[in-house]
2 protein chains.
Amino acid sequence: MAKHTHPDRLLLAVDCIIIGFLNGQLNLLVTRRDQEPRLGEWSLMGGLVVKGESIDAAAARVTHELTGLENVYLEQFQAFGDVGRTEEERTVSLAYYALVNQESATSQLSEHHDARWVSIRDVPALVFDHNKMVEAALVRLRYRATHEPVAFALLPKKFTLTQLQSLYEAIFDRPIDPGNFRRRLRKMDYLERQNEKDVTTSRKGSWYYTYNAEVYEEMKAAGEEFLLKP
Amino acid sequence: MAKHTHPDRLLLAVDCIIIGFLNGQLNLLVTRRDQEPRLGEWSLMGGLVVKGESIDAAAARVTHELTGLENVYLEQFQAFGDVGRTEEERTVSLAYYALVNQESATSQLSEHHDARWVSIRDVPALVFDHNKMVEAALVRLRYRATHEPVAFALLPKKFTLTQLQSLYEAIFDRPIDPGNFRRRLRKMDYLERQNEKDVTTSRKGSWYYTYNAEVYEEMKAAGEEFLLKP
DNA sequence: CCAAAAGTGTTTACATTACACCCATGC
DNA sequence: GCATGGGTGTAATGTAAACACTTTTGG
């Protein structure tokens, strides 16, 4: 691949679609651009891939810079490389989406950036092709959430099945039958019921559950599939 | 994204997993590298993204250079950007897979490259992380083929349902029941039976079909889903 | 008429849907 | 005791898998 005479070099960036979940809705973390062009406009959090840094590491760094969080769920889903996309310097951008626990992320929001959570259903105009990136991220998230248990990254460690249902309803943007939803969950041994109830939302209280990734890995290794259709 | 002081620049390439189908099996088009490092070793066809060229255009150009074909089905599916992946210069590569009609492609194979079709079940050791790319391409192809009618890109314009079944068996690497397969196809109005039979494979002869993309787009617009589970 | 591939039909098992119903408890 | 969200059960419908069956025609 490497031409040894005058190779064409360009800028390579990552942009992160950072997604949280609060009060029954999915939210997107956006910032104001801190440089030209488009200084001050709403934008995804991004950054250049620097020397000696893998692209996944760049995405983790960018997410960390804004949220303060480590070990965030990140998936690279598309490269955006149309010619005039960033207006000035030719930049190709690798888009990643991140699933974070919104409470933790909010409490650690870096004050160096002017950041804000917006509803995923009401994303403002973003710079460049960032709105397209958000759309593509949601498509990929919906696919991933049906085939793998990634949604738990958006919830606190302990959560109720009602919260989980509400999350899936937000991801797929449609109501889900509680009976059918729960029946499917009942088969998932990696959901572990705690001896503790959330009593803030109802008289009866609802059991807290935790997600056990090890158990899931075992089931996966045994060939069993995760599937939660919308 | 653009730092105006000393931005980090690196090489950006595309690598194409060019897939064909012949005699009941999927095949991969590989070439011998024509430059250092790893001169002469088996490799995917790749090339640098050049100035003023979109990444999709780069993939189309690279595919065209080797196969002579235009308007090839191409899907970008993953960026590979680990630090030492290309050994010398830091290169990030965008992987695309291409679905081509193997007969047409073979007849137009560029003589400037030392190219060869190999069975997808028996891919030789390729340079760098190219074997990983092939694996990832197959995963994506399998997903795409169940949800969208892309498989037709691998077949001639006219094909029999037996050929189509054989193609799906190759993609999913498992036998398919002819009865059930045909029943599902019967509902797909974008498969149009021609007044012509292929009489080379059986006494009875089997009808030729064509794929009508316009009809599919209409059905898609009407909210109907394509789904061909493996 | 028979072999061999093309193509059809039918039964069965299973999963999904829709919805009615019961449970627990603070007020 | 009743309103409220939590949680369960079940009959009906739809789909997919397995496989037996019919069709066609060159030799």
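**Chain A and DNA strand D**

I began with the secondary structure of chain A, which consists of 6 helices and 10 strands. I note that the model is predicted.

I then checked the dimensions: along the principal axes, the C-alpha atoms of chain A occupy a box of roughly 65 × 40 × 30 Å. Of the 230 residues in chain A, 51% are buried. I recorded an accessible surface of about 11300 Å² for chain A, with 47% of it belonging to carbon and sulfur atoms.

For contacts in chain A between residues at least 6 apart in sequence, I found that 66% join residues at least 24 apart.

I next turned to DNA strand D. Of the atoms of DNA strand D that come within 4 Å of the protein, 51% belong to sugar and phosphate.

I looked up polar contacts to the bases of DNA strand D. An N or O atom in the side chain of A:Arg183 is 3.0 Å from a base oxygen. B:Lys204 also places a polar side-chain atom 3.0 Å from a base oxygen. For B:Asp177, a polar side-chain atom lies 3.2 Å from a base nitrogen.

I then asked which elements give two or more residues to the surface near DNA strand D. They are helix H5 (178-186) and strand S10 (206-211) of chain A, and helix H5 (178-186) of chain B. H5(A) gives the most, with 4 residues.

Last, I sorted the residues of this surface by class: 9 are charged, 7 polar and 1 nonpolar.

Note on methods:
Residues numbered from 1 in each chain as written. Chains lettered and ligands numbered in written order. Predicted model: local features only at pLDDT ≥ 70, side-chain atom pairs only at ≥ 80, totals over all residues. Heavy atoms only, no water. Near = heavy atom within 4 Å. Polar contact = N/O pair within 3.5 Å; in protein donor to acceptor, adjacent residues only side chain to side chain. Nonpolar A, V, L, I, M, F, W, Y, C, P; charged D, E, K, R; others polar. Buried < 20%, exposed > 50% of the residue type's maximum accessible area, 1.4 Å probe, protein only. Contact = heavy atoms within 4.5 Å. Areas by Shrake-Rupley, 256 points an atom, 1.4 Å probe, with all protein chains shown as cover.
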